[in-house]
Amino acid sequence: MTTDTLPLTRHALGRSWRGVTGWSAGLVAASLLYLPIYPSMGATGELDAVISSLPPELVSAFGFDAISTGAGYAQSTLFGLIGFVLLTIAAVGWGAALIGGEEESGTLELTLAHGVTRTQVALEACLTLAVRLGLVCAVLFVAVLALNGPSQLGLTTEGAVAGTVALYLLVLLGGFAALTAGALTGSRSLSLAAGAGVAVLGYAFNALGNQAEATRWLKGLSPYDWAFGPAPLAAGVTQGLAGGLACIVGLCGLLVITSVLGMTRRDIGR
């Protein structure tokens, strides 16, 4: 057994700095694209006019109800839409590559031949994914705070922290789903499907739950609603947000345990 501290995580992070930098730059670019145009639209009432012209069902489905406020605009455009999409792609891609992708390419067997346990591989893969996403979300947080004043969003630091943490845990759940599927099956394609499925179903359940009272119960099954339903950017840390994020953390923990069990209870390699 190697005596180095977290050797797999350190190695993986060292190899992925270009990817982390690229996704961070993409989130900064998205922030620069969307947030600075709020004063020219929100203050003049253009957003209200656009929203009022849309079908109410569409407005509810995409969460555009409060888009005329700074926090609502940042939530609807950046955190809840383009940021969520970009980070989900990154999380699912990284999660699928860490175990399933390495097993398909044959590098996982080589790693296990170097005196590391399967449990260590699974746990350090989860840690690697969490750190990568944490770094990208930290850059997003700094970008949003830097643009908060010039864009006249009126966000508080607490709200920005709450919104960023909610987004981080939400996309981490999809990434862990992909990683766990890889640990259970050794298949990168199944890992991608599992991670994308969690993200898409969560978003779809939230959208459908906003359509009518009869479908409202679907929101209770949506991690997307658990994270963004309490409007963290506007309200900051609330009891509802804490409860929703606790559910996401619980699911993430369950996926970590499942990934360890998946790695230790099957044959590795093809």
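Visitor: Hi! What is the volume of the largest cavity?
Guide: The largest cavity has a volume of about 90 Å³. Bear in mind that this is a predicted model.

Visitor: Okay. How many cavities of 30 Å³ or more are there?
Guide: The count comes to 1 cavity of 30 Å³ or more.

Visitor: Which residues line the largest cavity?
Guide: The lining is made up of F84, T88, L170, V171, L173, G174, V198, A199, G202, Y203, P223 and Y224. Two or more of the lining residues come from each of α6, α9 (157–185), α10 (188–209) and α11 (223–228).

Visitor: And how do those residues divide into nonpolar, polar and charged?
Guide: In the lining of the largest cavity, 9 are nonpolar and 3 are polar, with no charged residues.

Visitor: Let's talk helices. How do α6 and α9 pack?
Guide: Their axes lie 7 Å apart, at an angle of about 30°. Angles under 35 degrees count as roughly parallel, and α6 and α9 are therefore roughly parallel to each other.

Visitor: Is that crossing left-handed or right-handed?
Guide: α6 and α9 cross in a right-handed way.

Visitor: Which residues meet there?
Guide: On the α6 side they are F79, F84, L87, T88, A91, V92, G95, A96, L98, I99, G100 and E103. On the α9 side they are G163, T164, L167, L170, V171, G174, G175, A178, L179, G182 and A183. The residues of this contact divide into 14 nonpolar, 8 polar and 1 charged.

Visitor: What about α9 and α10, at what angle do they cross?
Guide: The α9 and α10 axes cross at roughly 150° and come within 7 Å. That angle makes α9 roughly antiparallel to α10, since angles over 145 degrees count that way. The crossing of this pair is right-handed.

Visitor: Which residues of α9 and α10 meet?
Guide: L173, G174, A177, A178, A181, G182 and T185 of α9 meet L190, S191, A194, G195 and V198 of α10. That contact has 7 nonpolar residues and 5 polar ones, and no charged ones.

Visitor: Now α2. How do its axis and that of α6 lie?
Guide: Helix α2 covers residues 17–34, and its axis comes within 10 Å of the α6 axis, crossing at roughly 165°. That makes α2 roughly antiparallel to α6. α2 also passes α6 in a right-handed crossing.

Visitor: Which residues make the contact between α2 and α6?
Guide: From α2 there are G19, V20, W23, G26, L27, A30, S31 and Y34. They meet Y73, T77, L78, I82, G83, L86, L87, I89, A90 and W94 in α6.

Visitor: Switching to pockets: what volume does the second largest pocket have?
Guide: The second largest pocket has a volume of about 320 Å³. It is lined by 16 residues, and the closest to its centre are L8, H11, R15, E102 and T111.

Visitor: Which helix gives the largest share of that lining?
Guide: That is α1, with 6 residues of the lining of the second largest pocket. At least two residues each are supplied by α1 (7–15), α6 (70–105), α7 (107–112) and α8 (118–148).

Visitor: How many charged residues are in the lining of the second largest pocket?
Guide: There are 3 charged residues in that lining, along with 7 nonpolar and 6 polar.

Technical notes:
Residues numbered from 1 in each chain as written. Predicted model: local features only at pLDDT ≥ 70, side-chain atom pairs only at ≥ 80, totals over all residues. Heavy atoms only, no water. 1 Å grid on protein atoms, 1.4 Å probe; cavity = no way out; pocket = protein on both sides within 12 Å on 5 of 7 lines; lining within 4 Å. Points joined across faces, edges and corners; volume = space filled by probe spheres on them. Helix = DSSP H or I, 4+ residues; strand = E, 2+ residues; numbered from the N terminus. Nonpolar A, V, L, I, M, F, W, Y, C, P; charged D, E, K, R; others polar. Axes fitted to C-alpha atoms, helices over the stretch in contact; angles between N-to-C directions. Parallel < 35°, antiparallel > 145°, perpendicular 65-115°, else oblique. Left-handed = near helix turned anticlockwise from the far one by under 90°. Contact = heavy atoms within 4.5 Å.
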